[in-house]
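Grab your viewer and work through these exercises with the coordinates loaded. Try each task before you read its solution.

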Amino acid sequence: MRQWRLLDTGSRTAAENMALDEVLLTARSQGRAPDTLRFLQFNPPCVLVGFHQVVEQEVRLEYCRREGIEVNRRITGGGALFWDTNQLGWEVITTLDYPGVSRRLEQLYAQLCGAVARALQRLGVPAAYRPRNDIEVRGRKISGTGGTELGGAFLYQGTLLIDFDVETMLRALRIPTEKLKTKEINSLKERVTCLKWELGRVPPQATIKQAIAEEFSREFNMELTPGGLTPAEEALLARRLPYFRSGEWINAVQGPEGRAELRSGRRTRGGFLRSSLVLGPGNRRIESLYLTGDFFAHPRRSIYDLEARLKGLPADPVLIRRQVEEFFRDSGARLPGIKPAEVAAAINDALVKKDYPRQGIPAAAVNDVFTVVKPLEEITAAPVVLLPYCAKLPTCRFRGRQGCSECGRCDIGTAYALARQYGLEPLTIQNYEMLARVLRRLQREGAPGFLGSCCEAFLAKHRRDLERIGLPGILLDIDSSTCYELGQERAAHAGRFENQTTLKLDLLELLMARVAPGKARRQVAVAAHA
Ligand code: SF4
């Protein structure tokens with residue numbers, strides 16, 4: 001039977017734990033450390049962003065500073081996580097050629113998560129593996145996981161929620177919590193769970209660790225012996241720790257700060273992929289490109305290599321797509337759940353915005369405007385303005401249905417009045433199914449396009465559906481926290497989202513003027529010059 005080390009590094013700071021991840025993986029890849037199962041905890045609490053994420057986009061830094069919550073970066077991909085002192089981390093560090101380890105990523109996830117799920121079952125919790133990389137209990141997540149590889153070795157890690165402080169998590173991560181009500185916090189509690197909520201008590205730590213250790217022993221047919229860091233690992237840790245404490249590491253992924261940036265985001269099976277692009281003089285070449293998000297990349301550096309490969313390239317969508325596809329083919333890099341064509345599409349979604357100012361969109365607003373099916377310059381007419389029901393006052397009698405009496409108590413009233421002025425029909429959209437019905441009807445009637453307002457997350461989720469329907473459209477982002485940011489898509493879908501969003505009325509009016517029927521447009525133009 002193979003021998004593994006059982007390494008319990010206890011409660012440590014975020015920087016120590018992150019440095020240890022790198023040290024353990026490096027040492028294993030160099031054959032200077034044994035296969036290892038590690039348990040880890042954090043003290044003080046911390047937020048850890050995924051390797052490809054931008055700290056400012058994910059973390060409420062001011063709140064974390066005030067509350068003594070550390071911020072650091074993982075060496076693995078995935079989304080930002082809040083770790084309080086009640087969570088237990090587990091990690092497997094071994095080699096890709098270890099007997100019985102699956103070479104296919106999704107099977108590997110299933111294998112590792114399955115072992116932890118079985119350990120939880122032994123504790124009395126009906127846990128199960130949920131693809132791609134979660135462990136859930138009756139649909140609620142109890143452990144998120146992720147991994148990375150280095151030189152033939154891999155590290156796969158997971159969090160196990162033992163007890164969970166939802167309120168602090170919501171305040172530490174970039175979710176606009178000023179508006180969160182108890183009801184909304186409860187809705188998040190419906191999506192996650194922890195051992196304490198499941199069992200009504202917290203089992204002793206030793207019992208939890210023992211159950212996990214035994215299941216991994218069985219899974220990998222090995223025997224665990226408690227051990228500490230090797231001298232080589234200690235030396236490497238001492239050398240690497242200052243770097244993991246530094247801003248250079250924590251802010252290693254940056255957006256193009258202070259420069260005119262073109263942004264877009266796409267939801268894919270492998271996670272959210274955000275593309276931020278800065279073009280050089282005359283918009284002719286790519287000056288810099290950042291691909292960030294909660295995805296995984298193998299090897300990790302492949303994203304940087306891709307960004308470097310595209311830098312300096314002419315700003316041409318066909319060329320970009322070809323280069324992206326060649327890069328993945330030549331390098332063997334993998335972004336699980338994301339196709340090269342989707343990476344190219346995310347970059348090109350941002351690239352098309354370079355032409356928006358010529359189309360009358362203020363440069364500062366180009367990232368608030370999206371199109372589907374056709375580029376902006378080809379969408380010049382639409383008979384309707386589609387408005388989200390969540391912008392209506394929560395207590396309004398029209399909140400759950402069509403119409404508005406234009407009482408002036410929310411942005412919808414102004415939008416309805418503007419639509420009438422421009423000769424457009426305003427419609428309130430309750431959910432995606434209704435939107436799809438309206439778009440199909442418009443298409444049957446021969447409408448040239450549509451104008452609408454929705455949040456970027458809704459568009460990211462339904463972009464492909466809208467493209468399938470095929471009616472060209474201009475969509476305008478909305479202000480304030482949306483159901484997606486608050487994790488309430490399901491409540492919103494059922495018409496139970498209780499927040500109120502606001503519309504970007506100036507931009508909406510500008511776009512109404514663009515698509516309004518000719519006569520109304522001329523009247524507006526005359527009025528504007530009067
Ligand atoms: S403006 Fe319209 S939607 Fe808003 S509160 Fe008044 S009636 Fe309701």
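**Exercise 1: the nonpolar cores**

The largest nonpolar core has 83 residues, and Val343 and Leu508 have the most contacts inside it. Helix H15 (residues 432-444) gives the most to this core, 7 residues. Before going on, note that this is a predicted model, where local features need pLDDT of at least 70, side-chain atom pairs count only at pLDDT 80 or more, and totals for chains, interfaces and linings use all residues. Residues are numbered from 1 along each chain as its sequence is written, and side-chain values use heavy atoms, with hydrogens and water left out.

Task: find which residues Val343 is in contact with, leaving aside its neighbours within four places in sequence.

Solution. 
- Start with the terms: a nonpolar core is a set of buried Ala, Val, Leu, Ile, Met, Phe, Trp, Tyr and Cys residues joined through side-chain atoms within 4.5 Å. Buried means under 20% relative accessible area, exposed over 50%, and partly exposed in between (1.4 Å probe, protein chains only). Contact means heavy atoms within 4.5 Å.
- Helices (H or I, at least four residues) and strands (E, at least two) are DSSP runs, numbered from the N terminus.
- With those neighbours set aside, Val343 touches Leu273, Leu291, Leu306, Val324, Phe328, Leu335 and Ile338.
- Apart from this core lies another, of 44 residues, including Met18 and Phe82.

**Exercise 2: a buried threonine**

Task: work out which side chains make polar contacts with the side chain of Thr428.

Solution. 
- Locate Thr428 in strand S17 (residues 425-429).
- Check burial: the relative accessible area of Thr428 is 0%, so Thr428 is buried.
- Apply the polar contact rule: a pair of N or O atoms within 3.5 Å; within protein, one must be able to donate a hydrogen and the other to accept it, and residues adjacent in sequence count only if both atoms are side-chain atoms.
- Read off the partners: the side chain of Lys392 at 3.1 Å, and that of Tyr416 at 2.7 Å.

**Exercise 3: aromatic geometry**

Solution. 
- Take the rule: rings of Phe, Tyr and Trp (its six-membered ring) pair if their centres lie within 6.5 Å; planes under 30 degrees apart count as stacked, over 60 as edge-to-face and the rest as tilted. By this rule the count comes to 16 aromatic pairs.
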